[in-house]
Amino acid sequence: MTDEPFSTLPGHACQVLAADDIYVSHGAAQGDGLMGPADVCPGDIYHLDPDHRPHRLVVTRAPGTAQCVAAGSAVGREGEVIRLEARYALMGEEGDRVEILVLTLPDGSRFALPLSPMATATDYTLLKVEEAPDDAGLSDLLCISFARGTMITLATGAQKPIEDLTPGDKVLTRDHGGQPIRWIGRATLKAVGPFAPVVITAGTLGNAGDLIVSQHHRMFLYQRERMAGLATSELLVQAKHLVDGERVFLREGGFVDFLSIVFDRHEIIYAEGVPAESLMVNDATVNRLPAELSADVKARFPGLRQVQHFGTEAGRQFLDAVGAETLFKPGRSRR
């Protein structure tokens, strides 16, 4: 992570791996690094090299132009066109799905951009090979957002659709009472792959209406009795980990309007009555926003580094063990 203020960061920065850092440990292409779509075999098992070293890739793209390497990048040369070669879906041994974008530079060097974290000493089975979408932006990696229409609780206790909020409006937060909104970001994305929204149907978490959020958005769930294996009773659960195909599901197809809210701190607010996180402003999140949002946040909040809200991150392995439905509210059914 860089200590430079946001305003001095050129383009969009992301961390990529050399394609050889993700290699076949068992399978037809054993020993090979991550190759192009014509040379990989679904079913092969991949490992992440424990000695891997991430590289900083800085990307820029003017409207209507190709994505190019920008100044400050540790790989490639400024102005070189970045080609998105493929998108792979892999499944970890604990059930975590990882999507990887494969990109190449004019000199033939190939890099991997995991859209979710990968662990070493873990088997990842290649499930699916797809051509990378032509309009996939490397900056569209992580969107901590609510969908248009989400009802947000104000400091007065009243509720208001998120698209009607404006900077300065005071929103009720779990820990600091009414707090003014510093910034609201908006983006319209194709609702496919990692950008398909998660629909938490009414009543599932005690929500009054359907709660529609981005896949990485974390819900704040408080357990009256701390579950075994958890450090705290306060759970932070990514929406994608709650998907069961019935009460919580992915809605793919068409477009989705996403909106993100920023406060002076990383806050827990109430959306459809459910505690959920606000956008956390730091390098790791802001540099993964859609490019136009990232640039706006950097300009408005130079040097701001928010600290993540305290709580136990409940990952896929834990939820598979206890069953995500244990977090659902009883006696309520899908509308």
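**Reading a predicted chain of strands**

In the protein chain, 64% of the contacts with a separation of 6 or more are between residues 24 or more positions apart. The structure above is a predicted model, and the protein chain in it has three helices and 24 strands.

How confident is the predictor? The mean pLDDT of the protein chain is 78, and 71% of its residues reach 70 or more. Over residues 1-11 the pLDDT is below 50. In the model, this stretch has 29 contacts beyond its near neighbours in sequence. Residues 331-335 also have a pLDDT below 50, with 10 contacts beyond near neighbours in sequence.

The next step is to follow some of the strands. Strand E9 covers residues 124-130, and strand E3 covers residues 45-48. These two strands run antiparallel and are joined by two bridges. To find this pairing in the structure, look for Ile-45, which stands opposite Thr-125 in E9.

Strand E9 also pairs with strand E6, which covers residues 83-92. Here the sense is again antiparallel, and the pairing extends over six bridges.

Strand E13 is made of residues 170-173, and strand E14 of residues 177-180. What connects E13 to E14? A hairpin joins them through three residues. The two strands run antiparallel, with four bridges between them. Within this pair, Lys-170 stands opposite Pro-180 in E14.

Now consider how much of the chain is covered. Of the 335 residues in the protein chain, 52% are buried. The protein chain exposes about 15000 Å², and 49% of this area is supplied by carbon and sulfur atoms.

Is Cys-68 buried or exposed? Cys-68 has a relative accessible area of 18%, and a residue counts as buried when that value is under 20%, so Cys-68 is buried. Cys-41 has a relative accessibility of 29%. Buried means under 20% and exposed means over 50%, so Cys-41 falls in between and counts as partly exposed.

Cysteines also raise the matter of disulfides. A disulfide is counted where a pair of cysteine sulfur atoms lies within 2.5 Å. By this rule the count for the model is zero.

Notes
Residues are numbered from 1 along each chain as its sequence is written. This is a predicted model: local features need pLDDT of at least 70, side-chain atom pairs count only at pLDDT 80 or more; totals for chains, interfaces and linings use all residues. Side-chain values use heavy atoms; hydrogens and water are left out. Two strands pair if DSSP finds at least two bridges between them. pLDDT is the predictor's confidence in each residue, from 0 to 100. Contact means heavy atoms within 4.5 Å. Buried means under 20% relative accessible area, exposed over 50%, partly exposed in between (1.4 Å probe, protein chains only). Accessible areas come from the Shrake-Rupley method with a 1.4 Å probe; for residues, only the protein chains shown count as cover.
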